[in-house]
Amino acid sequence: MRIININGPINSGKTTVSKLLLKALPKALFVEVDELLSDEEQEKLGFSLQQGWQEKTNRLDCLIKSEKDKNNYQNIIFAYPMTENLYHSWKTWEDDKSRFIAITLAPKLDVCLQNRGTRQLDEWEKNRITEMYQQGYHNSPLADLIIDNSHQSPAQTRQQILNFLQKIS
């Protein structure tokens, strides 16, 4: 089983590319991590933004472990920004039957700050994107593959990932 994290800053194309991979990979599951805890539930639980992020990753961890036990999928894909701590936590999913793969989408900052596709960025998101670049989300040394997808389509990015996955299989 491959457990594939599509990493990158906000608006880098993580979800779009993940959904394209879902269609291209056999026996695949896509987990939308942001949907593991709704804004309403986060508010009801009284979680801060950081506590909400922690709860989402806790729920992701439980889901991945459960799916590994069920063994229904060859590929589990999730789109979520990766910190060093998360990387080390997610690497623990590896065993003799599972491999964790971190792929980072890294469009240029000026591209990432633009409204891409149907997404309309607000000021908070633009500020957070800038912070994420300052924090290195776009160039993690822990990534197995970093893709500058500034000037390629999501389909081209998907194909680059598929080519990479084929080489490492």
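**Aromatic residues and their setting**

A: Among contacts in the protein between residues at least 6 apart in sequence, 73% join residues at least 24 apart. This is a predicted model, and the values that follow are computed from it.

The aromatic part can be taken up directly. The structure holds six aromatic pairs. In one of them, the ring centres of W90 and W93 lie 6.0 Å apart with the planes at 20°, so this pair counts as stacked, the cut-off for stacking being planes under 30 degrees apart. Both partners are covered by the protein: W90 is buried, with 1% relative accessible area, and W93 is buried as well, its relative accessible area also being 1%. These two tryptophans belong to one aromatic cluster, which is formed by F78, Y87, W90, W93 and F100.

For 169 residues, a compact globule would have a radius of gyration near 15 Å, and the 16 Å of the protein agrees with that. The C-alpha trace spans about 45 × 40 × 30 Å along its principal axes. Of the 169 residues, 46% are buried, and W90 and W93 are among the buried ones.

Most residues other than glycine have a negative phi. N11, however, has a phi near 70°, a positive value, and is found in the loop between strand 1 (2–7) and helix 1 (14–24). N71 also has a positive phi, near 60°, and lies in the loop that runs between helix 3 (49–70) and strand 3 (75–79); F78, a member of the aromatic cluster, falls within the range given for that strand. The two asparagines are set apart by their cover: N11 counts as buried at 8% relative accessibility, which is under the 20% cut-off, whereas N71 counts as exposed at 52%, which is over the 50% cut-off.

Key:
Residues are numbered from 1 along each chain as its sequence is written. This is a predicted model: local features need pLDDT of at least 70, side-chain atom pairs count only at pLDDT 80 or more; totals for chains, interfaces and linings use all residues. Side-chain values use heavy atoms; hydrogens and water are left out. Rings of Phe, Tyr and Trp (its six-membered ring) pair if their centres lie within 6.5 Å; planes under 30 degrees apart count as stacked, over 60 as edge-to-face and the rest as tilted. Buried means under 20% relative accessible area, exposed over 50%, partly exposed in between (1.4 Å probe, protein chains only). The radius of gyration is taken over C-alpha atoms; the globule rule is 2.2 Å times the number of residues to the power 0.38. Contact means heavy atoms within 4.5 Å. Helices (H or I, at least four residues) and strands (E, at least two) are DSSP runs, numbered from the N terminus.
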